[in-house]
Amino acid sequence: MGRVDSLSQLITVAEPNAFSVPVKPLAWSGNLTSSQSECSKAIVNVVDNLQTHLLWAVTGAGKTEMIFAGIEKALLDRKRVAIASPRIDVINELYPRLKAAFPNTKICLLHGRTDTRYQYSQLTVCTTHQLLRFRRAFDLLIIDEVDVFPYAGNPQLHFAAGQAAKTRASRLYLTATPDDYLLKLIKKKKITTSYLPRRYHGYPLPEITVKKTTHLRQMIDQGKLPTAIIKIIKQIVGRQLLLIFVPKISDLSLVGRALALFSKDWRYETVHSADPQRIEKVQAMRDGKLDFLITTTILERGVTFRNLSVIVLNADNDIFGTPALVQIAGRVGRSADYPGGLVQFFVEQRTAKIKAAQMQIKKMNKMKNET
């Protein structure tokens with residue numbers, strides 16, 4: 001956002017909502033399942049009654065499509081809408097889908113790596129940092145992946161979200177893995193909640209398999225990998241795309257060097273949060289120009305590939321919390337055409353966080369079968 005200091009003058013502009021009432025703003029022609037429809041109706045009710053609401057839905061449940069009716073209702077009521085997320089990757093996935101769904105609505109895209117200039121628009125799609133630009137601007141504020149860094153636990157960004165919404169506004173939070181703060185709000189009945197334990201296509205969430213590998217950390221530090229890992233990668237490449245997660249940025253080059261010893265034909269890149277070509281590399285994988293990406297947790301959420309497996313190296317590292325592990329597993333099987341895939345964790349020890357992630361996915365699948 002550039003330099004801002006105590007000598008800078010900040011000016012706010014009145015928000016008159018000078019929008020014409022659109023004619024049939026929603027162009028999406030897809031169908032929702034009965035469970036999705038119930039959640040969608042609840043969101044419309046949130047818009048009408050200025051509520052604060054959590055949509056708690058498993059990864060791949062179709063959260064974006066479920067919010068369309070609520071956005072349409074807000075647009076028809078001449079309300080101003082913002083959809084924010086802590087991650088650029090999430091925003092870059094949402095923006096084209098929203099443009100296609102609302103083709104006649106001016107949409108402003110804001111994040112730190114876009115060249116587009118700010119325009120007064122009825123619908124704004126942005127990172128949570130960009131909410132610092134606004135004061136009492138939005139009648140409906142939607143925050144996707146509300147539990148994720150850097151928004152979660154960040155007082156400045158929570159302040160920004162509070163300031164960006166009008167004093168009488170609707171707030172909608174979206175996540176598959178609510179944090180303790182949200183769970184406390186639910187328990188105290190300070191927010192209403194919709195829960196969806198199934199994916200839109202009805203297939204179960206792919207479950208996590210764990211393989212204990214001795215001296216794994218030591219081998220990675222030496223730029224080596226066990227043959228068991230190489231064998232699985234060989235089985236996947238050519239059949240599916242692959243994400244290989246590592247705990248540290250310094251591991252990216254080490255794992256890349258180890259893989260280069262086994263095949264010169266594999267097409268891959270490394271990616272992390274500060275990578276200036278992150279967006280382009282993700283798109284290259286979608287376009288079939290890469291076989292796999294070696295990545296940190298930056299791609300744990302907000303990215304979708306149609307036919308994918310994931311491998312996590314050193315999944316017992318402290319950097320991988322239970323929500324992150326569940327989200328990583330949730331990258332797999334999101335397409336109805338490719339509902340399966342491998343979720344393989346390589347560890348030296350099976351930690352409580354890994355066990356909790358496994359139990360959470362099993363519980364979701366059990367709830368899906370019971371509903």
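Let me start with Thr-105, which sits in the loop between helix H3 (88-101) and strand S3 (107-110); please keep in mind throughout that this is a predicted model. Thr-105 has a relative accessibility of 13%, and because buried means under 20%, Thr-105 counts as buried. Apart from neighbours within four places in sequence, Thr-105 is in contact with Pro-25, Leu-75 and Leu-123.

Turning to the largest pocket, we find about 920 Å³ of space in it, and of the 42 residues that line this pocket, Glu-93, Arg-97, Val-303, Thr-304 and Arg-334 are the closest to its centre. Helix H3 gives the most to that lining, with 7 residues, while helix H2 (63-76) and helix H9 (278-286) each supply at least two. By class, the lining holds 15 nonpolar, 14 polar and 13 charged residues.

Now to the salt bridges, of which the count comes to 15. One of them joins Asp-89 and Arg-278, at 2.7 Å from N to O, and since Asp-89 lies in helix H3 and Arg-278 in helix H9, the pair ties together parts that are 189 residues apart in sequence. Both partners are buried, Asp-89 at 5% relative accessible area and Arg-278 at 4%.

By contrast, Lys-73 and Asp-48, whose closest N and O atoms are 2.8 Å apart, are partly exposed, with Lys-73 at 25% and Asp-48 at 37%.

Key:
Residues numbered from 1 in each chain as written. Predicted model: local features only at pLDDT ≥ 70, side-chain atom pairs only at ≥ 80, totals over all residues. Heavy atoms only, no water. Helix = DSSP H or I, 4+ residues; strand = E, 2+ residues; numbered from the N terminus. Buried < 20%, exposed > 50% of the residue type's maximum accessible area, 1.4 Å probe, protein only. Contact = heavy atoms within 4.5 Å. 1 Å grid on protein atoms, 1.4 Å probe; cavity = no way out; pocket = protein on both sides within 12 Å on 5 of 7 lines; lining within 4 Å. Points joined across faces, edges and corners; volume = space filled by probe spheres on them. Nonpolar A, V, L, I, M, F, W, Y, C, P; charged D, E, K, R; others polar. Salt bridge = Lys/Arg side-chain N within 4 Å of Asp/Glu carboxyl O.
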